[in-house]
Amino acid sequence: MKLKINYELSEVEDVAKQLIKHATSKTLLFYGNMGVGKTTLIKAIVKELGSMDEVSSPTFSIVNEYETENVLIYHFDLYRINHIEEVYNFGIEDYLDSEHWKLIEWPEKIESILFEPFDVINIELSSENDRILKLNK
């Protein structure tokens, strides 16, 4: 494990900074139960990377794109994916093959097509307001 952080949601901006600092790739895989704060953390990461775009969950669109001065950020929410063919229908291989940031919620839905390098982020609730984040390579 590269990093372990206990935090409250009010500290999410600091957590985003630490994640960006310790990430070894631009592909971040977010694992955690529904409601644990994956999208909230991704919003903070997008802001920290310099995007002024409004960040929302791409639950229905599957992928949202955010711009910064230098790079694009792709935010995937694969919760509604039932079959791997669905991601090929919107051209996921082009996104995954890009040099841009890729922030992927529910990556377990596409693990069979993911390729290194990527960083794995596990988030779990330790109490009603506290989370435990673990960053692994």
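Is Trp106 buried or exposed? Trp106 is buried, because its relative accessible area is 12%; buried means under 20%, exposed over 50%, and partly exposed in between, with a 1.4 Å probe and protein chains only.

Before going on, a word on the source. This is a predicted model, in which local features need pLDDT of at least 70 and side-chain atom pairs count only at pLDDT 80 or more, while totals for chains, interfaces and linings use all residues. Residues are numbered from 1 along each chain as its sequence is written, and side-chain values use heavy atoms, with hydrogens and water left out.

Back to Trp106. This residue sits in the loop between E5 and E6. Helices (H or I, at least four residues) and strands (E, at least two) are DSSP runs, numbered from the N terminus. Trp106 is not a glycine, yet its phi is positive, about 60°. The loop between E5 and E6 also holds Pro117, and the peptide bond leading from Glu116 to Pro117 is cis, with omega near 5°.

Next, the helices. H1 covers residues 12-22, and its buried residues are Val12, Val15, Ala16 and Leu19. Seen down the axis of H1, these fall within an arc of 100°, so they line one face of the helix; the arc is that of the directions from the helix axis to the C-beta atoms. What do the buried residues of H1 pack against? Their partners are strand E1 (3-8), helix H2 (38-48), strand E6 (119-125) and strand E7 (130-136). Contact here means heavy atoms within 4.5 Å.

In H2, the buried residues are Lys38, Thr39, Leu41, Ile42, Ala44, Ile45 and Val46. After H2 comes Gly50, with a positive phi near 105°.

Now the cores. A nonpolar core is a set of buried Ala, Val, Leu, Ile, Met, Phe, Trp, Tyr and Cys residues joined through side-chain atoms within 4.5 Å. The largest one has 27 residues, and those touching the most other members are Phe30, Leu41, Ile45, Leu103 and Leu133. Two or more residues each come from E1, H1, strand E2 (27-31), H2, strand E5 (101-105), E6 and E7. H2 gives the most, five residues. Apart from this core lies another, of 19 residues, including Tyr31, Leu78, Leu96 and Ile110. As background, nonpolar side chains in soluble globular proteins tend to be buried together.

Residues up to four places away in sequence aside, Leu133 touches Leu3, Lys4, Ile5, Tyr7, Val15, Leu19, Leu41, Ile121, Asn122 and Ile123.

One of those is Lys4, in strand E1. Lys4 counts as partly exposed because its relative accessibility is 49%. With neighbours within four places in sequence left aside, Lys4 is in contact with Ile132, Leu133 and Lys134. Lys4 and Asn122 are 118 residues apart in sequence, and their C-alpha atoms are 9.6 Å apart in space. Met52 and Lys4 are 48 residues apart in sequence and 28 Å apart, C-alpha to C-alpha. Met52 belongs to the loop between H2 and strand E3 (63-67), and counts as exposed because its relative accessibility is 79%.

Then Thr24, in the loop between H1 and E2. At 42% relative accessibility, Thr24 counts as partly exposed. Which residues does Thr24 contact, leaving aside its neighbours within four places in sequence? They are Lys2, Asp119 and Lys137. From Thr24 to Glu13, 11 residues apart along the chain, the C-alpha separation is 19 Å.

Last, the largest pocket. A pocket is an open set of points on a 1 Å grid over the protein atoms alone, where a 1.4 Å probe fits, with protein on both sides within 12 Å along at least five of seven lines; lining residues have an atom within 4 Å of a point. The largest pocket holds about 170 Å³ of space. Among its lining residues are Ser25, Leu96, His100, Lys102, Phe115, Glu116 and Pro117.

Methods
Points joined across faces, edges and corners; volume = space filled by probe spheres on them.
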